[in-house]
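Please open the structure in your viewer and keep the selection panel at hand.

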Amino acid sequence: MFCGSKTLITIGTAFFIMAFPFTSMAASSTINEVSINIVSAGGDGNLDVVVTTDSDKYHLDKAYDIDEPDGDFKDIDRPTLVARIKTDGNYTFSNRAVKNIKINGTKGTVIGGLMNETDMKIYIIFDALSDNNSNHSLNVIDLNVNGLEWDKTKGLVRWDTVSEADEYQLRLYRGSGLISSFITKDPNYDLSAYITKEGKYSYQVRAVMDSSLKGTWNKSEVFQVTSEDASRISFGKSKNGLEGPGSRWQYKNDKWYFMNESGSMVTGWINWKSKWYYCGNDGAMYTNTTTPDGYKVGSDGAWVE
């Protein structure tokens, strides 16, 4: 709800309405400009767009498209993107923020805005749809990931399914240090093999539709892990040399898999940290057995020379 004293400001053909209750705002927590990222795909007057933000002071609440006037903005004559931005923590928008909108990526023009201290609504039209052709269409794809959760007894993470997503990218952190990154098609992941010592663990996840359309990285709450927690969670899962910073090994359903730089599963022999490992046709690493070409691998999966 937008409430409080409102002021109408006109700049060219655009309008900006600001509604602020009369409260004091600390300079250090005031937002004076907003930057949003817009990536697009399509052509011939049909535009698919994804909207993201990278700030830790505000976030994208939702984005959608309209092709006719709505209750706030009467001057709609072409497909228009509406982005709803909300502040995080104790941050507030200054009365200049709605006039200082930076768009990165797809070229667009802000034609209006409505805001109060913590909530901003922005109207954007795109150069690619600027000739008022009635056959133009705008499709705003929602790749925002919500509902991030920890299963703190098992080291599992899960989040709400994003219907448009082809896959999800996942990053695990201990403190500010990246432990490893993963790609999964499921809205959940087993991170227990990577929770090997005490610390403050968190993860980030974003939805991916294709190589060009990716959502915002959303952050989980912090999971404070004690040394006892780490021993319990990772018991029987940790494989010396496979986990750690920069690792491309993934542990799932009690098996290890190796991913290349693009996130695709690798099969056959893999040289990792001066040791050789073998992954079968299903991608799973062999352990305590003989490979199809006659070499023995041990309990850790490494070739026994």
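**A tour by selection**

Begin with Glu149, which is partly exposed, with a relative accessible area of 41%. On this scale, buried means under 20% relative accessible area, exposed means over 50%, and partly exposed lies in between (1.4 Å probe, protein chains only). The model is predicted: local features need pLDDT of at least 70 and side-chain atom pairs count only at pLDDT 80 or more, whereas totals for chains, interfaces and linings use all residues. Residues are numbered from 1 along each chain as its sequence is written, and side-chain values use heavy atoms, with hydrogens and water left out.

**Stop 1: the salt bridges**

The term denotes a side-chain nitrogen of Lys or Arg within 4 Å of a carboxyl oxygen of Asp or Glu. Arg158 counts as partly exposed, at 34% relative accessibility.

Asp151 counts as buried because its relative accessibility is 16%.

Now select Lys152 and Glu221, which form a salt bridge with their closest N and O atoms 3.6 Å apart. Lys152 lies in the loop between strand 13 (149-151) and strand 14 (156-158), and Glu221 in the loop between strand 19 (218-219) and strand 20, so the pair ties together parts that are 69 residues apart in sequence. Helices (H or I, at least four residues) and strands (E, at least two) are DSSP runs, numbered from the N terminus. Both partners are partly exposed: Lys152 has a relative accessible area of 37%, and Glu221 stands at 47% relative accessibility. A search of the whole structure finds six salt bridges.

**Stop 2: helix 1**

Select residues 227-234, which make up helix 1; its buried residues are Ala230, Ile233 and Ser234. These cover an arc of only 80° around the axis, which puts them on the same side of helix 1. The arc is that of the directions from the helix axis to the C-beta atoms.

**Stop 3: Asp119**

Move to strand 11 (residues 119-126), where Asp119 is found. Asp119 counts as buried, at 7% relative accessibility. Its side chain makes a polar contact with the side chain of Arg84, at 2.7 Å. A polar contact is a pair of N or O atoms within 3.5 Å; within protein, one must be able to donate a hydrogen and the other to accept it, and residues adjacent in sequence count only if both atoms are side-chain atoms.

**Stop 4: Asp282 and its loop**

Select Asp282, in the loop between strand 25 (275-279) and strand 26 (289-290). Is Asp282 buried or partly exposed? Asp282 counts as partly exposed, at 46% relative accessibility. A polar atom of its side chain lies 3.1 Å from the backbone nitrogen of Ala284. Show Lys255, Tyr257 and Met265 as well: leaving aside neighbours within four places in sequence, these are the residues in contact with Asp282 (heavy atoms within 4.5 Å).

In the loop between strand 25 and strand 26, select Asn288 next. Its phi is near 50°, a positive value in a residue other than glycine. Most residues other than glycine have a negative phi. Asn288 is exposed, with a relative accessible area of 55%.

**Stop 5: Ser274**

Ser274 sits in the loop between strand 24 (268-272) and strand 25. Although not a glycine, Ser274 has a positive phi of about 70°. Ser274 is exposed, with a relative accessible area of 69%.

**Last stop: Tyr295**

Finally, select Tyr295, in the loop between strand 26 and strand 27 (296-297). Tyr295 counts as partly exposed, at 39% relative accessibility.
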